[in-house]
Amino acid sequence: MTGVRGVDAGGGDVRGVDVRGSDVGGSDVRGSDVRGSGGRTTGVRGSRVRAAPLRRLTLGLLAAAVLAGCTTGPTEAAPGTTATPHTPNAPAASGSTTTAAPAPSRSAPTPTPEGTLLVADFGSDTVTFVDPGRGGSGRNGGPIASVEVGTAPYGLVVGQDGRAWVATAEGVAVVDTQRRTRLALIPYETETGPVTTGEYRGGGMGIALAPDGRHVYVGVNVPGGHGTLEVVDTATREVTGVADVGRRPFDVDVSPDGREVYATNHDSFDVTAVDADTLRTRRMEVAPYGTEGGLGSWLKPHYAVVRPQDGRLLLPFEGERLAVLDPRSGKVTIERMTAGTHQHGAALAPDGTLLVVGTGPIGSADEGPSLTVRAPDGEERIVPLEGPHEDVAVSADGSTAYVTGGFTRDGYWNGITVVDLDKPDNLDAPATPNNERNKPIRLSAGNRPLGIAIL
C-alpha cells in the first residue's frame with residue numbers, strides 16, 4: 001500500500017497522493033527492533049491502596065484538524081436507551097449471510113445455556129445475551145435477553161463462577177449470567193467527571209480478571225488526562241487499589257502467572273505494566289510508526305493479547321506490523337502483517353492462532369474490514385467482513401470466531417459476524433474466499449456491541 005497515512009487526527013509517510021485519515025501518527029520505524037522505555041520502573045506513580053474491604057510520517061496540519069482518538073464525530077444512541085430489539089440489517093454483502101431473530105426478552109425463565117454469547121451494548125445501558133445458533137454457527141441464532149448494567153458499557157470479562165464484570169461509564173457492573181440479573185454496580189474511585197456516552201466518555205474501558213479469580217482490573221479513562229487502573233476485590237466487590245496509567249486504557253490484560261497487569265494506553269502510545277501486589281508501574285512505549293501527531297495519530301496501540309508460552313504481548317498495527325512486546329525488558333520487535341487495514345480487537349485461539357479485527361480503511365489505499373487469522377508460524381488468512389467491527393472472541397475449540405459490529409467510530413451496526421475458521425475438508429474443491437468453508441454469517445444482536453465473551 002502507498003499513501004500518506006494520516007491522522008486520528010494525523011500521521012503517516014508522505015508517499016504518494018493519498019492522505020490517510022485520522023485515530024488522532026507517527027514517523028516510520030522500519031527496522032525489526034523498536035525500543036521503548038526499557039521496562040523503566042517509575043515507582044508507585046500515585047498508586048493508592050485502601051486498607052478496607054513502511055509508510056508514515058505524521059501530517060501536523062491534519063492532526064490539528066481532528067480530535068484525539070479514533071473518531072470522526074459523535075454517533076451515539078441517546079443516553080438511557082435500552083438494547084434494541086432485533087431489526088433487519090442492511091443488505092449483506094456478497095459472501096455473508098444475515099440471520100434474523102426475535103426481539104430479546106427481559107425475563108430469565110431458564111438458566112442461560114452454555115456457549116451463549118454476551119456482548120456489551122455501548123450504544124445503550126445493557127448487556128445482551130445472544131444465542132449463537134445451531135452448533136454455534138450463527139444460523140437461527142439471535143438475542144435472548146438484555147440486562148441493564150450502567151451507561152455505555154465497553155469491555156467485559158466472565159469468571160468461571162459465571163459472574164460477568166462489565167466496565168461502564170458509571171462503575172463496574174456485576175452480572176449473574178445464569179439468572180441474567182445485575183448483582184451490583186461498583187463505583188470508581190477515580191474522578192472521571194459527568195457520566196456521558198460516546199467514544200471519549202469517562203469511565204471503564206478495558207477489563208480483565210486475575211487467573212485465580214480474586215481480582216478484577218479495569219482501565220478507567222479520565223477525559224483530557226491520564227487514566228487509572230482500578231483493582232476490584234471479587235469477594236467484597238470493593239475497589240481496593242488504584243494505580244496511574246496512560247491515556248485512554250483501551251485494553252487490560254494479565255500475565256499468565258497473575259503477577260503483572262498490562263494497560264494498553266491508546267492516546268499515550270504505551271503499555272503500563274502494574275505489579276499486582278505493590279501497584280508499582282513501568283511505562284513501555286509501543287510506537288512502531290513513531291509518536292508524531294500525538295493525540296491526532298491513527299497509528300496508536302488499541303488492543304493486546306498475552307502469549308501464554310512466553311508472556312509477551314502482541315499488539316497489531318494497521319494490518320502491517322505486529323508489535324511483540326517483552327514486558328521484562330520493554331523491548332519491542334516487529335513482525336510483518338498483511339491485511340493492510342486499521343485494526344482494533346484481538347484474541348488468541350487455544351492453538352495459538354491470533355485473530356485480529358480490521359475495522360476498515362483510513363485512506364484510499366487501505367483494504368476493507370476483515371478478520372486476520374494468523375497461525376503461530378506467521379502465515380495469515382484474511383477473511384473479508386461487511387462494514388467496521390470492533391472486538392472478537394473465539395470458541396473453546398478454536399473453530400469459530402465471533403466479531404462484534406459495534407465499533408468505537410461511525411459505521412457500526414447492531415450485530416455479530418460469525419466466521420467459520422476451519423479450512424475446507426477437500427482442499428481440491430473450488431476455493432471460496434480465503435479458503436473458508438462457510439461464508440461469514442451476520443447475526444443481529446445488541447446495540448452497538450463492543451466487548452464480547454462466550455459463556
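**Figure 1. Arg374 and Glu335 pair across two strands of this predicted model.** Arg374 counts as buried at 6% relative accessibility; buried means under 20% relative accessible area, exposed over 50%, partly exposed in between (1.4 Å probe, protein chains only). Glu335 is partly exposed, at 33%. Their side chains meet in a salt bridge, 2.9 Å from N to O. The term means a side-chain nitrogen of Lys or Arg within 4 Å of a carboxyl oxygen of Asp or Glu. Arg374 sits in strand 26 (residues 370-374) and Glu335 in strand 23 (residues 331-336), 39 residues apart. Strands (E, at least two residues) are DSSP runs, numbered from the N terminus.

**Figure 2. Asp267 forms a salt bridge with Lys300.** The closest N and O atoms are 2.9 Å apart. Asp267 lies in the loop between strand 17 (260-265) and strand 18 (270-275), and Lys300 in the loop between strand 19 (281-285) and strand 20 (305-306), so the pair ties together parts 33 residues apart in sequence. Both residues are buried.

**Figure 3. Asp270 forms a salt bridge with Arg283.** Here the closest N and O atoms are 2.6 Å apart. Asp270 belongs to strand 18 and Arg283 to strand 19, so the pair ties together parts 13 residues apart in sequence. Asp270 is buried at 3% relative accessibility. Arg283 is partly exposed at 24%.

**Figure 4. Salt bridges link Arg307, Asp310, Arg312, Asp326 and Arg328 in a network.** The whole structure holds 15 salt bridges.

**Notes.** Residues are numbered from 1 along each chain as its sequence is written. In this predicted model, local features need pLDDT of at least 70, side-chain atom pairs count only at pLDDT 80 or more, totals for chains, interfaces and linings use all residues, and side-chain values use heavy atoms, leaving out hydrogens and water.

Notes:
Helix = DSSP H or I, 4+ residues; strand = E, 2+ residues; numbered from the N terminus.
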